[in-house]
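Here are my notes on this model. Please read them with the structure open.

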Amino acid sequence: MGGVSTADRAERVPKQDRSRATRQRLLEAAVACLAEHGWAGSTVSVVAERAGVSRGAAQHHFPTREDLFTAAVEYVAEERSTALRALFPEGAAAGDRRAVITALVDLYTGPVFRAALHLWVAASNEEQLRPRVTELELRVGRESHRAAVELLGADESRPGVRETVQGLLDMARGLGLATLLTDDRARRDRVVSQWATLLDEALG
């Protein structure tokens, strides 16, 4: 009496699954729209249409535009970080550092970085967005640094190692910016090779 029936529970689980799937489609569509159209061209309606859901459904999950896009960039960044770790489950031996560096650079030269860049530029001009994006960038930056340290087998207790790893990530971000306008792959490959040599010397 007053309990939840087995049928009710069975119906609720698919609803929860559908809700999670809708949320994921919205997040992925938001990043794709931001990367392709920038902040000005990426409205909730545009994202909802791309995700195949109604505007009302989108606003149920994300009440504001700022909620949607900050959540989207963080979600995809976390997914990429997880995938990066899965590529090197045991970390990297010294001989594999170039592969790790290449994978790290790829994080900054794809659509997720492009989307994040549009979000950063928008935040520089919009007061209500700036604190949220600043906090997001701190979280994503810490996670990227932590993943790089783990995958490279870096010992940050040694002088200069932390700064070397951070320099690698700053370099990768710079390569990501260069890629926005031109295909910079040839120069990127040479830079990655040089950084692999530098890191082998710095990390031992």
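1. The UniProt record, an unreviewed entry, annotates residues 43-62 as "DNA-binding region". This model is predicted. Over residues 43-62 the chain is 75% helix and 0% strand.

2. Next, a helix pair. Helix α4 covers residues 65-87 and helix α7 covers residues 130-152. Their axes come within 11 Å and cross at roughly 0 degrees. Angles under 35 degrees count as roughly parallel, and α4 and α7 are therefore roughly parallel to each other.

3. Which residues make the contact between α4 and α7? From α4 come Glu-66, Asp-67, Thr-70, Val-73, Glu-74, Ala-77, Ser-81, Leu-84 and Arg-85. From α7 come Arg-132, Val-133, Leu-136, Arg-139, Val-140, Glu-143, Arg-146, Ala-147, Glu-150 and Leu-151. By class, the contact has nine charged, eight nonpolar and two polar residues.

4. Now the largest pocket. Its volume is about 390 Å³. The lining has 25 residues. Nearest the centre of the pocket lie Ala-77, Tyr-108, Val-112, Val-140 and Ser-144. Ala-77 and Val-140 also take part in the contact of α4 with α7.

5. Which elements give two or more residues to the lining of the largest pocket? They are α4, α5 (97-107), α6 (111-125) and α7. The largest share comes from α7, with nine residues.

6. By class, the lining of the largest pocket has 15 nonpolar, seven charged and three polar residues.

Technical notes. Residues numbered from 1 in each chain as written. Predicted model: local features only at pLDDT ≥ 70, side-chain atom pairs only at ≥ 80, totals over all residues. Heavy atoms only, no water. UniProt positions renumbered as here; feature names shortened; annotations may be inferred. Helix = DSSP H or I, 4+ residues; strand = E, 2+ residues; numbered from the N terminus. Axes fitted to C-alpha atoms, helices over the stretch in contact; angles between N-to-C directions. Parallel < 35°, antiparallel > 145°, perpendicular 65-115°, else oblique. Contact = heavy atoms within 4.5 Å. Nonpolar A, V, L, I, M, F, W, Y, C, P; charged D, E, K, R; others polar. 1 Å grid on protein atoms, 1.4 Å probe; cavity = no way out; pocket = protein on both sides within 12 Å on 5 of 7 lines; lining within 4 Å. Points joined across faces, edges and corners; volume = space filled by probe spheres on them.
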